[in-house]
Amino acid sequence: VFLSEKRDYFLNLIKDSRFKVIPSDGTYFQLLDYSKVTDESDLVFSERLAKVNKLATIPTSVFNANQEDFKQVRICFAKTEETLNAAAKILNSI
């Protein structure tokens with residue numbers, strides 16, 4: 001319940017962003033499709049988010065054998081509300 005409340009809180013914060021939410025259960029990571037934001041590879045996009053926006057995400061291509069790029073990143077929502085608010089502000093500005 002705790003994780004689903006955190007997830008739902010975070011998703012409500014980014015509901016008007018350009019990111020498409022990919023449903024996830026039983027994890028503290030949320031998958032976000034960023035294909036409407038940029039056509040950069042997930043590695044480049046994640047690196048840019050970290051360097052420019054100070055927001056850490058995980059490119060999903062690192063998890064599959066062919067390193068296929070689905071234009072998705074993982075973001076952890078097991079954070080304080082303050083941190084989730086800050087992350088949402090960044091995502092909503094992109």
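# A walk through the predicted fold

Among contacts in the protein chain between residues at least 6 apart in sequence, 55% join residues at least 24 apart. Contact here means heavy atoms within 4.5 Å. This is a predicted model, where local features need pLDDT of at least 70, side-chain atom pairs count only at pLDDT 80 or more, and totals for chains, interfaces and linings use all residues. Residues are numbered from 1 along each chain as its sequence is written, and side-chain values use heavy atoms, with hydrogens and water left out.

Start with the overall layout. The protein chain has 3 helices and 4 strands. Helices (H or I, at least four residues) and strands (E, at least two) are DSSP runs, numbered from the N terminus. Along the sequence the pattern reads α-β-β-α-β-β-α. The radius of gyration of the protein chain is 13 Å, close to the 12 Å that the globule rule gives for 94 residues, so the chain is as compact as a globular protein of that length. That radius is taken over C-alpha atoms, and the globule rule is 2.2 Å times the number of residues to the power 0.38. Taken along the principal axes, the C-alpha atoms fill a box of roughly 35 × 25 × 20 Å.

Of the 94 residues in the protein chain, 36% are buried. Buried means under 20% relative accessible area, exposed over 50%, and partly exposed in between (1.4 Å probe, protein chains only). The protein chain exposes about 5800 Å², and carbon and sulfur atoms supply 54% of it. These areas come from the Shrake-Rupley method with a 1.4 Å probe; for residues, only the protein chains shown count as cover.

Now go to the core. The largest nonpolar core has 18 residues. Such a core is a set of buried Ala, Val, Leu, Ile, Met, Phe, Trp, Tyr and Cys residues joined through side-chain atoms within 4.5 Å. Phe10, Ile14, Phe19, Leu32, Phe45 and Leu91 have the most contacts inside this core. Two or more core residues come from each of α1 (2–13), α2 (42–53), β4 (72–76) and α3 (81–93). Helix α3 gives the largest share, 5 residues. Look at Phe19. Not counting residues up to four places away in sequence, Phe19 touches Leu32, Asp33, Tyr34, Val37, Phe45, Leu91 and Ile94.

Phe29 lies in strand β2 (residues 29–33). Phe29 has a relative accessible area of 18%, so it counts as buried. Leaving aside neighbours within four places in sequence, Phe29 is in contact with Ser24, Ile58, Arg74, Ile75, Cys76 and Phe77. Thr57 is 28 residues from Phe29 along the chain, and their C-alpha atoms are separated by 9.6 Å.

Turn to the charged side chains. Side chains of opposite charge can pair when their charged atoms come close. The whole structure holds 5 salt bridges, each a side-chain nitrogen of Lys or Arg within 4 Å of a carboxyl oxygen of Asp or Glu. One of them joins Arg7 and Asp25, with the closest N and O atoms 3.1 Å apart. This pair links distant parts of the chain: Arg7 is in helix α1, and Asp25, 18 residues apart from it, is in the loop between β1 (20–22) and β2. Arg7 is buried, at 15% relative accessible area, whereas Asp25 is exposed, at 67%.

Helix α2 holds a local pair. Lys51 and Glu47 both lie there, 4 residues apart, about one turn of the helix. Their side chains meet in a salt bridge (2.7 Å, N to O). Lys51 is exposed at 56% relative accessibility, and Glu47 is partly exposed at 42%. Elsewhere, salt bridges that share partners join Arg7, Asp8 and Asp25 into one network. Glu40 and Arg48 also form a salt bridge (2.8 Å, N to O). Arg48 is partly exposed, at 31% relative accessibility.

Finish with two backbone details. Most residues other than glycine have a negative phi, and most peptide bonds are trans. Lys54 is not a glycine, yet has a positive phi of about 60°. Lys54 sits in the loop between α2 and β3 (58–59) and is exposed, at 68% relative accessible area. Lys71 also has a positive phi, near 60°. Lys71 lies in the loop between β3 and β4 and is partly exposed, at 23%.
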